[in-house]
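The reader may wish to keep the sequence and the coordinates at hand.

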Amino acid sequence: MNKVQPNIQRALEGIQNGMTLMIGGFGLCGIPENAIKELVKMGVKDLTCISNNAGVDDYGLGLLLQAKQIKKMISSYVGENDEFERQMLSGELEVDLIPQGSLAERCRAGGAGIPAFFTPAGFGTEVAEGKEVRFFNNKPHILEHALTADFSIVKAWKGDTEGNLIYKATAMNFNPMMAMAGKITIAEVEELVPAGTLDPNFIHTPGIFVQRIFQGEVFEKRIEQRTVRTR
Amino acid sequence: MALDKIGIAKRIAQELRDGWYVNLGIGIPTLVANYVPDGLTVEFQSENGVLGMGPFPFEGEEDADLINAGKQTITVKPGAAFFDSATSFAMIRGKHVQLTVLGAMEVSQNGDIANWKIPGKMVKGMGGAMDLVASAENIIVAMMHSNKAGESKLLKECSLPLTGVGCVKKIVTELAVLEIKDGAFHLLERAPGITVEEIISKTEGALIVPEFVPEMVL
């Protein structure tokens with residue numbers, strides 16, 4: 001079986017209206033930017049997107065929001081996107097806001113065969129509404145269920161033809177858990193190398209979690225908050 | 001005189017202890033990293049997946065792949081580590097982080113905190129705040145004493161949707177340092193030149209004032 005995809009169209013083949021997608025990244029850092037642009041071109045609609053953030057108005061998942069391709073967002077923080085806030089407050093967009101640690105663990109659980117778990121995060125808040133509460137060590141915890149996706153689209157720094165992935169710095173973020181939780185996981189990498197090139201000691205995501213891999217054409221890597229100090 | 005943001009950050013930095021791992025929220029809390037007292041080694045954790053954050057990069061050396069939870073470009077110190085989001089929140093929920101500093105819109109006298117949503121107006125999301133406040137043993141809130149409308153943010157009960165219940169231990173505002181215990185705010189210190197009367201008038205929740213309230217030393 002060849003995991004390497006000859007082009008981005010083939011890599012994203014099979015993504016259809018109404019599907020649930022996990023999309024890696026934190027803010028604009030470590031997002032599969034080429035795949036997101038291609039999803040806009042494909043015009044798939046009514047998507048449920050699980051991603052920590054929703055991009056900015058003109059980049060990242062913001063592009064799918066502008067094109068009204070997203071029916072529901074499952075995220076932890078969406079503060080940088082005016083169009084998102086507008087669609088949410090007007091009711092056009094269904095939104096499920098989840099504490100960031102619960103979101104990460106729900107993806108991990110989905111990939112790890114754990115159907116649900118108890119966490120203290122969100123107890124006593126709106127997030128706990130309708131959820132089972134149990135006390136462990138005299139502290140209340142709420143039941144959170146695992147998340148999975150029809151397709152997970154992740155971004156890595158280096159990948160090999162076996163689908164093994166290495167992320168760079170904080171561009172790792174949600175990508176490893178989402179890679180585990182997709183029925184089909186597509187990896188967009190900056191550098192695609194032959195198997196045997198990457199040191200097995202330093203693989204972050206083992207290739208078993210990755211079904212398709214392709215090298216992205218252009219990486220703009222936009223910076224959300226360019227913060228510098230003077231020399 | 002009331003403290004500015006830097007003053008609040010400096011006062012919170014005095015709470016740091018050697019060897020601590022600390023998570024700083026967005027805004028004033030981020031500034032705390034600039035005022036670590038001499039001789040202390042403190043490692044800063046950012047929930048997007050880094051331990052050992054350093055200062056902002058020099059111009060031209062920004063790396064889009066290296067940011068903090070506020071999405072600002074950063075650098076790392078020697079000995080830093082990167083990890084995924086699940087591992088990051090394992091550090092937080094598992095109580096491996098000794099101190100959390102975050103901002104708030106409201107805090108109540110029993111330690112409830114609200115900082116993620118104004119119904120019908122502003123919905124940014126909770127990010128990692130709910131995980132942080134639900135698990136951290138030691139939470140300091142950095143905020144202004146009143147909101148832009150001049151209303152107290154130290155309340156009997158929060159009016160906004162909660163982020164966590166009964167979790168805030170200490171608050172540093174531009175006017176005062178307060179501790180929360182036994183269902184009340186306890187005034188510990190006042191900002192230089194600020195009167196106890198002003199703090200009382202700007203605190204809506206139950207406030208216990210000792211006979212002598214020292215001025216902060218910055």
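**Strands and interface of a predicted model**

Strand β13(B) and strand β14 (residues 184-190) of chain B are antiparallel and joined by six bridges. Strands here are DSSP runs (E, at least two residues) and helices are DSSP runs (H or I, at least four residues), numbered from the N terminus; two strands pair if DSSP finds at least two bridges between them. This is a predicted model, in which local features need pLDDT of at least 70 and side-chain atom pairs count only at pLDDT 80 or more, while totals for chains, interfaces and linings use all residues; side-chain values use heavy atoms, with hydrogens and water left out. Residues are numbered from 1 along each chain as its sequence is written, and chains are lettered from A and ligands numbered from 1 in the order in which they are written.

Strand β6 (residues 106-108) of chain B pairs with β7(B) in the antiparallel sense over two bridges, and V107(B) has I113(B) in β7(B) as its bridge partner. In general, strands of a sheet pair through backbone hydrogen bonds, either parallel or antiparallel.

As to confidence, chain B averages a pLDDT of 95, and 100% of its residues score at least 70; pLDDT is the predictor's confidence in each residue, from 0 to 100. The model scores ipTM 0.96 and pTM 0.96.

Turning to the interface, 51 residues of chain A are in contact (heavy atoms within 4.5 Å) with 50 residues of chain B. Between them the two chains bury about 4200 Å², 60% of it on carbon and sulfur atoms; buried area is the accessible area (1.4 Å probe) that two parts lose on being put together, summed over both. Of the area that chain A buries against chain B, T170(A), T227(A) and R229(A) supply 16%, more than any other three residues.

The rule finds six salt bridges across this interface, a salt bridge being a side-chain nitrogen of Lys or Arg within 4 Å of a carboxyl oxygen of Asp or Glu. R231(A) and E61(B) meet in a salt bridge through their side chains (3.4 Å, N to O). Elements that give two or more residues to the side of chain A that touches chain B are α4 (82-89), α5 (100-112) and α6 (175-181) of chain A. Of these, α5(A) gives the most, with six residues. The residues on that side of chain A divide into 22 nonpolar, 16 polar and 13 charged; Ala, Val, Leu, Ile, Met, Phe, Trp, Tyr, Cys and Pro count as nonpolar, Asp, Glu, Lys and Arg as charged, and the others, Gly among them, as polar.

Over all chains the structure holds 25 salt bridges.
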